[in-house]
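Me: I have a structure open and want to go through it piece by piece. Can you take my questions as they come?

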Amino acid sequence: MEPPSADESVSLLGDPVADVKLPSPSVLLVHSESVVHRQLEHVRRWRNPPVYRPLVDLLTMEERHLIVTYRFDRSTIQELCTQLEPDLMSPIRHLTGIPPDVQVLSVLHSLASGSFLTTVAMASGMSQPMFSNVLSRVLSALLKHVRRYIIFPEVEDLPTVKGDFYALGDIPNIIGAIDGTHVALVPPHRSEQVYRNRKSYHSMNVQMVCLAEQYISQVKAMFPGSVHDAYILRNSSIPDMMAQLQRHRVWLLGDSGYPNLSWRLTPVRNPRTRAEERYNEAHGRTRRVIELTFRLLKARFRCLHMTGGSLFNSPKKVCEIIISCSMLHNLVLRRRVPFLQEDGPDDSVVAAVEPVEPVYSDEEEAEEEDNDNRESVIQQYFQ
């Protein structure tokens, strides 16, 4: 049998040209005009971006309204806007026309109220996607200045810091109180169990160190809720920083959930003498400052508090929010801005934050060491 000719092969496979039904010239013309119209509209939007008409004005709002809604007074917000302005003025198309002060105010409102992004966006005159971009932009700008707002005590600061802590509970040479707190979030679906903490809700476990005046001097926000405080401590910069200060014989104060290292003072688990009981009482009075810091931080920035709901952001964005709130917490303390609610000071919000209870395990008990420092403090100051 002879192979088919070229013409026969085409007929066997079907004629590609004959099988295609070409549109009429009128349809092609309409399609071309539509494409050209979309292209021209795209160019027009680039050249003439929509004008943003803000619904908030920093200069016209009352001072009390600023403090209640944004947690800062006018001068502090202006200072913050000036500092962040270079990073908020970059030519990004979807942020064109939004003044830096409106971007800062909208993010402060979100952090202070813990409201949904859509609610804050509507109050600021933005769409939800637009505000989501503004939030990322402001957080990134804030984090560039983290070393300016969160500062661990330097050698020259030690006498003042130790004196402030001694006034709280009569324990000498304390330069910080350390503990962990949880910030609720909606976990990623694939790693949901990793974020479930010992209280059976999903969170990030955050380690913080504070000073006697409730300033936050160190924050570690990168571990999910199931991670133990002792593990976070070992994987933070605290051991290295305290090792550099050991010649000054200074300590951090923490609960029994941590090992009693050479630079940490923990309470006596089973006090047997009156001196050990007095030491534990003084330890509790002094360490209470970190619990008060957590309460004030979460009451001022409700996005971190359970009553504000769980954060719907990614774990990375939640960590950025936690660090940013810690920076703003220090700023508001430095500027001595009062804490106001709609109906005056709200003590119930502060009281709603439960103190962090220590967790004991065989692993942590086996790691307990270097009790000589604690014993010397008890013998010298509490006999």
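Predicted model: local features only at pLDDT ≥ 70, side-chain atom pairs only at ≥ 80, totals over all residues.

Me: How many bridges hold S4 and S5, and in which sense do they pair?

Reply: Two bridges, in the parallel sense.

Me: And what is the order of the strands in the sheet?

Reply: The order is S3-S2-S1-S4-S5, an open sheet of five strands with mixed pairing. S3 (216-224) and S5 are the edge strands; each has a single partner strand, so one side of each has no neighbour in the sheet.

Me: What does S1 pair with on the S4 side, and how?

Reply: S1 and S4 run parallel and are joined by three bridges. Ala177 has Leu253 as its bridge partner in S4. Leu253 is also the bridge partner of Leu265 in S5.

Me: And how does S1 pair with S2, parallel or antiparallel?

Reply: Antiparallel, over eight bridges, with S2 spanning residues 203-210. One of the paired residues is His182, whose bridge partner in S2 is Asn205.

Me: How many residues of S1 are buried?

Reply: 11 of its 11 residues, so the strand is mostly covered.

Me: Let's stay with His182. Why does it count as buried?

Reply: Because its relative accessibility is 15%, and the cut-off for buried is under 20%. His182 lies in S1, residues 174-184.

Me: What does its side chain make a polar contact with?

Reply: The side chain of Ser203, at 2.8 Å.

Me: Which other residues is His182 in contact with?

Reply: Leaving out neighbours within four places in sequence, the contacts of His182 are Asn197, Tyr201, Ser203, Met204, Asn205, Gly225 and Lys298. Asn205 is the bridge partner mentioned above, and Ser203 is the polar partner.

Me: Where does Ser200 sit, and is it buried or exposed?

Reply: Ser200 is in the loop between S1 and S2. It is exposed, with a relative accessible area of 51%.

Me: And Asn173, where is that, and is it buried or exposed?

Reply: Asn173 is in the loop between helix H10 (158-169) and S1. It counts as buried, at 16% relative accessibility.

Me: What is Asn173 in contact with?

Reply: Lys162, Arg249, Val250 and Trp251, leaving aside neighbours within four places in sequence. A polar atom of the Asn173 side chain is 3.4 Å from the backbone oxygen of Arg249. Lys162 is 11 residues away along the chain, and its C-alpha atom is 5.1 Å from that of Asn173.

Me: Now the nonpolar core. How many residues are in the largest one?

Reply: The largest nonpolar core has 96 residues. Ile77, Leu80, Ile175, Met208, Leu252 and Ile322 have the most contacts inside it. Helix H14, residues 315-334, gives the most to this core, with 11 residues.

Me: What does Ile322 touch?

Reply: Val183, Met204, Val206, Met208, Ala221 and Leu304, not counting residues up to four places away in sequence.

Me: Last, the overall numbers. How many helices and strands are there, and how much of the protein is buried?

Reply: There are 17 helices and five strands. Of the 383 residues, 47% count as buried. The accessible surface is about 20,200 Å², and carbon and sulfur atoms account for 54% of that.

Me: And the contacts, what share join residues at least 24 apart?

Reply: 70%, among contacts between residues at least 6 apart in sequence.

How values were computed. Residues numbered from 1 in each chain as written. Heavy atoms only, no water. Helix = DSSP H or I, 4+ residues; strand = E, 2+ residues; numbered from the N terminus. Buried < 20%, exposed > 50% of the residue type's maximum accessible area, 1.4 Å probe, protein only. Contact = heavy atoms within 4.5 Å. Areas by Shrake-Rupley, 256 points an atom, 1.4 Å probe, with all protein chains shown as cover. Core = buried A, V, L, I, M, F, W, Y, C linked by side-chain atoms within 4.5 Å. Polar contact = N/O pair within 3.5 Å; in protein donor to acceptor, adjacent residues only side chain to side chain. Pairing = 2+ DSSP bridges.
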